[in-house]
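Reader: I would like to go through this model with you and ask what stands behind each label. Could we start with the core?

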Amino acid sequence: FGTRVLRAFGQSVPIIGVAPPGFNYPDQTDLWVPTVVGQNPSRTSHNWAATGILKPSVTLQQAQTEMTGIAARLRAEYGENIDAVDIRVTPLQDELVGSLRRPLTILLVASGMVLLVACTNIASTLLAQGKARTREFAIRTAMGASRTRIVRQLLAESTLLSILGTLAGIGLSFAIVLALSIVAPPDFALSDVSSPDGRVMVFAATVAIGATILFGLVPAIRSTRTHANFTLRGGDHNVAGERSSLSWRALVAGEVALALMLLVGAGLMIKSFWQLMTVDPGFNPNGVIVVDLSLPAASFPDDASVSAYYRELETALGGLAGIDRVGVVNHIPMGGASINGAFDIEGWDAPEMPYAAYRAASGDYFAAMSIPIIRGRTFDDRDNATAPHAAIINQRLAERYWPGQNPIGQRIQNLRNDAWVYPDRWLTVVGVVGDVRHRGLNIPADREVYVNVQQRPFRARSAIISIMTRNRTAELGNNIRDTLRRLDPDVPFEISAMQDNIRSSVADRRFTMIVLGAFAATALALAVVGIYGVVSYLVAQRTREMGIRMALGAEPKRIRRLVQQDAMITVSLGAGVGLVGTIAVTRVMESLLFGVSPTDPSNVHDSRRLNNTQRSTLNAQRPRRNIPF
């Protein structure tokens, strides 16, 4: 270390250390370099985070109290130059995986419910088996076998079955983990898991064997509750049969209830995901290639050099065959990053401080992403570096601050976060564009201001090049790479498809939906098998009764109706219990749903989609689009 040098950020950087495998904090980082905090004199920028270790004697609440006091002292000292109201202290684990806690909890509960369904199947099967072996147990008892000895025999049989099933399950788990690693989002970190963890397998095996023994114990005890003399003389077992029948019905009803709860949860997730996929994001991702790049400060020290690079890049990429439009933006939709801040409006006298997200973009960016122009124009040659600075706002911001008015020509005072870079600059609104859901399909569009990347290139040192193409081919990708390397080989870049960003934004919901759906299908299959087994056994037990009924003149269809009615009573009871249970299940799932009421799967909410005026305007300006997944 120290002797090997890496060429990065336009300069030679010595390697002084290597992080352990799997460490990529924060945000999938591969390379860490030293920096100096405090070069930005702005006190309204919130793009830094501090990570620390609490002393053993300090609690999280104590740390939060102390940081709140520090924030209050800073506000008292610097007054209006600070807009932060507090400092939030959270455990790093919550910061990294806090959003996954609820879906993982739901999946854990769902797996427990599937286990219960399987256990009720085991219990009902063992009850039926014990009932069929009543005479065998009576003979064993008459020959001197104790009840404890017979119970041990039955438990040994159920334990053997559980061990064989557990071994088969462990073998199947390898294939399941591989399948889950394909559909799991990056936050679940399953892509790095090649096989189930040993501790997980031991836990699963222990639970499976323990549950089988536990659920097999009650049937074993019930099966040995027999009077040997009475049984061997062929005594009437109607009373015992009734008790067994009630036990079986209770188990089947429990299976139906659990399966119904899982099916309702899976149905809500599927419908919610479908609703999410029909949301108009405000742009068309089809045929859009994005190039994520970052300009090294050593090679691009000022605004002029950054601005010149983007002009040259747009011209060079726009000349490639197969490319229709090329645009530049500092933060792409669904890209996981955003900037926002306060600003002033000329003549604004309301107590509320206007606030919006803002992005630096080129004029062709809107055409490259198929973002419609509602009013005015986009950035063009009139908005050069020496001209008055221009701004484009989205429709939501226009409706909020200029309702019923034409905002074209209105002026807004410099965005607070840019005030230290571009002091005393006014922005003139030259256009209004459609709303874009930048932060996710399930999150309504923010109020947004776009500034010209040629007038404020400082905000675009790290930028995304959006490229509209007719066909995405390997040759086109190679041509783009060659062009970027020819312009400046020190500029790092990464090429992907815009559709990939959208897929990533819904990956956690898709994963939860798939796994919960698989659990529900498994529970349904187990419930069907359990119902069939119990009903068929009860029918076999009543064969003599049915023969007598038919001998007395009963029609076969009447016998079938009698059996079906008997089964439907049990299923209806289970369905009723399951519907009550779904109320609790859906309340827990509410935060994972979109456009669907947790208590009514058929009730679809608008969830703040485009309003009627906006929808009709946008539909008139762009064709209907689909987001393939």
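Author: Gladly. A nonpolar core is a set of buried Ala, Val, Leu, Ile, Met, Phe, Trp, Tyr and Cys residues joined through side-chain atoms within 4.5 Å. Buried means under 20% relative accessible area, exposed over 50%, and partly exposed in between, with a 1.4 Å probe and protein chains only. This is a predicted model, in which local features need pLDDT of at least 70 and side-chain atom pairs count only at pLDDT 80 or more, while totals for chains, interfaces and linings use all residues. Residues are numbered from 1 along each chain as its sequence is written, and side-chain values use heavy atoms, with hydrogens and water left out.

Reader: Which residues have the most contacts inside the largest nonpolar core?

Author: Tyr365 and Tyr450 do, in a core of 52 residues. Among the elements that give two or more residues to this core are α3 (101-132), α8 (238-277), β10 (426-433) and α14 (507-541). Helix α8 gives the most, with 10 residues. Helices here are DSSP runs of H or I of at least four residues, strands are runs of E of at least two, and both are numbered from the N terminus. Apart from this core lies another, of 42 residues, including Val326 and Leu476.

Reader: What does Tyr450 touch, not counting residues up to four places away in sequence?

Author: Its contacts (heavy atoms within 4.5 Å) include Arg359, Tyr365, Phe366, Phe379, Ile392 and Val433.

Reader: What makes Glu448 and Arg359 a salt bridge?

Author: The term asks for a side-chain nitrogen of Lys or Arg within 4 Å of a carboxyl oxygen of Asp or Glu. Glu448 and Arg359 meet at 2.9 Å, N to O, so the pair passes the rule. Glu448 lies in strand β11 (residues 448-452) and Arg359 in strand β6 (residues 355-361), 89 residues apart, so the pair links distant parts of the chain. Both partners are buried. By this rule there are 10 salt bridges.

Reader: Why is Arg382 called exposed, and why is Asp380 called partly exposed?

Author: Arg382 has 54% relative accessibility, so this residue counts as exposed. Asp380, at 30%, falls in the range for partly exposed. The two form a salt bridge, their closest N and O atoms being 2.5 Å apart.

Reader: How do you know whether Asp446 is buried or exposed?

Author: Its relative accessible area is 17%, so Asp446 is buried. Its salt-bridge partner Arg439, at 2.9 Å N to O, is partly exposed, with 48%. Elsewhere, salt bridges that share partners join Arg377, Asp380, Arg382 and Asp383 into one network.

Reader: What puts the buried residues of α1 on the same side?

Author: Ala63, Gln64 and Ala71 are the buried ones. They cover an arc of only 95° around the axis, which puts them on the same side of α1; the arc is that of the directions from the helix axis to the C-beta atoms. The face turned away from the buried side carries exposed residues, including Gln61, Glu66 and Arg73. Just after α1, Gly79 takes a positive phi of about 55°.
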